[in-house]
Amino acid sequence: MNTRITELLGIKHPIIQGGMAWVAEHHLAAAVSEAGGLGLIGGANAPAEVVREEIRKAKALTKKPIGVNVMLLSPHADEIAKVVVEEGIGVVTTGAGNPEKYIEMWKAAGVKIIPVVASVALAKRMERYGADAVVAEGCESGGHIGEQTTMTLVPQVVDAVSIPVIAAGGIGDGRGIAAAFMLGAEAVQIGTRFVVSDESIVHENYKQRIIKAKDIDSAVTGRSHGHPVRCLRNQMTREYVKLEQEGKSFEELEYLTLGKLREAVQEGDITNGTVMAGQIAGMIYKKQTCKEMIDEMMEQAEKLLNR
Ligand SMILES: Cc1cc2nc3c(=O)[nH]c(=O)nc-3n(C[C@H](O)[C@H](O)[C@H](O)COP(=O)(O)O)c2cc1C
């Protein structure tokens, strides 16, 4: 399945692994790239030198392209933007803001720029600023989300921009990939399914929580303050939503979740931790290697799309 995205990124399959905070480290990124997709190191709030180390470790595991997700709200975003160039990374995805101030530096270094967007307006703005493609991410996704669904957002973004569009949110098998292509996407970004891959360093409790999840098991916290986050229901989400309904301030609520994703990912606290995962968790039944996941999804998608 050759598309403008596989051409742009020099990858075999039109599958990108989401740049997930605490999850998207070098083992996962390298495994996805080795399997023919694009693996991403998630910059999140990590210091720049940690990101540099992760890039180097991933490169020691694969000669295939890998990318970096730069979270623009990070206090380290300026340094990470430079590390990306110094380490010869060919593609960045960006989240939580406008990457405008880095575009000149990245373009000069030949870095492909792919912002993650949750609206048509932002997609058009990113195209004007010189983005090479956009990830249109629907609210089915795990983690920080917008309000549009993947089904409605992707075709509207496809119609609004001429750069290629990558669909994200709620894609977990070949049917999802085929559907995204029918909506006009030229690749997909997948997060939740890769969390349970064999190469993912996420705690076993977290993986089992995703595997056991049903369709209705995710909840959205923070919507009342305009910072919605999708994760699997537990004591933490119940407490958060209760305090939200009581009208607590954003700062008080944020305090409740401080460090909670790390506790869930690394320590396996799936009761009080933040178990970020998307609605597609209900359809993820087993652990596999990234290669098995990608091969299975591509075979199914190609059959459905008759390629
Ligand atoms: C545990 C987790 C952490 C995430 N962290 C980030 C992040 O730091 N930056 C980002 O751009 N997206 C983040 N995302 C979103 C993913 O990159 C991806 O777009 C999303 O998971 C796709 O939807 P899906 O979960 O339905 O596959 C995260 C998702 C998950 C599940």
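**A tour of the predicted model**

Start with A44, which sits in the loop that runs between strand 2 (39-42) and helix 3 (48-61). This is a predicted model. Select A44 and look at its backbone: phi is positive, about 40°, although the residue is not a glycine. Most residues other than glycine have a negative phi. Is A44 buried or exposed? A44 is buried, because 23 other C-beta atoms lie within 10 Å, and 20 or more is enough for that class.

Next, select W22. This residue belongs to the loop between strand 1 (15-17) and helix 2 (26-34). W22 is not a glycine either, and its phi is positive, at about 70°. W22 has 19 C-beta neighbours inside 10 Å and therefore counts as partly exposed.

Now colour the chain by domain. Domain 1 covers 4-201 + 285-305, and domain 2 covers 204-281. Taken over C-alpha atoms, the centres of domain 1 and domain 2 are 23 Å apart. Where the domains meet, 21 residues of domain 1 are in contact with 16 residues of domain 2. To find the domain 1 side of this contact, select strand 7 and helix 9 (192-195), the elements that each give two or more residues to it. Helix 9 gives the most, with three residues. By class, this side of domain 1 has eight nonpolar, nine polar and four charged residues.

Which order do its three strands have? The order is 7-11-10, and the pairing is antiparallel. Select strand 7 (143-144) and strand 10 (218-221): both stand at the edges of the sheet. Each has a single partner strand, so one side of each is left without a neighbour in the sheet.

Strand 10 and strand 11 run antiparallel and are joined by four bridges.

The last stop is helix 11. Select residues 235-245 to show this helix, which packs on the sheet. Which strands does helix 11 touch? Helix 11 touches strand 10 and strand 11. Turn the view until helix 11 and strand 10 can be seen together; the direction of the helix makes about 40° with that of strand 10.

Methods: Residues numbered from 1 in each chain as written. Predicted model: local features only at pLDDT ≥ 70, side-chain atom pairs only at ≥ 80, totals over all residues. Pairing = 2+ DSSP bridges. Contact = placed C-beta atoms within 7 Å. Axes fitted to C-alpha atoms, helices over the stretch in contact; angles between N-to-C directions. Buried ≥ 20, exposed ≤ 12 C-beta atoms within 10 Å, placed from the backbone. Domains from an automatic or database assignment. Nonpolar A, V, L, I, M, F, W, Y, C, P; charged D, E, K, R; others polar.
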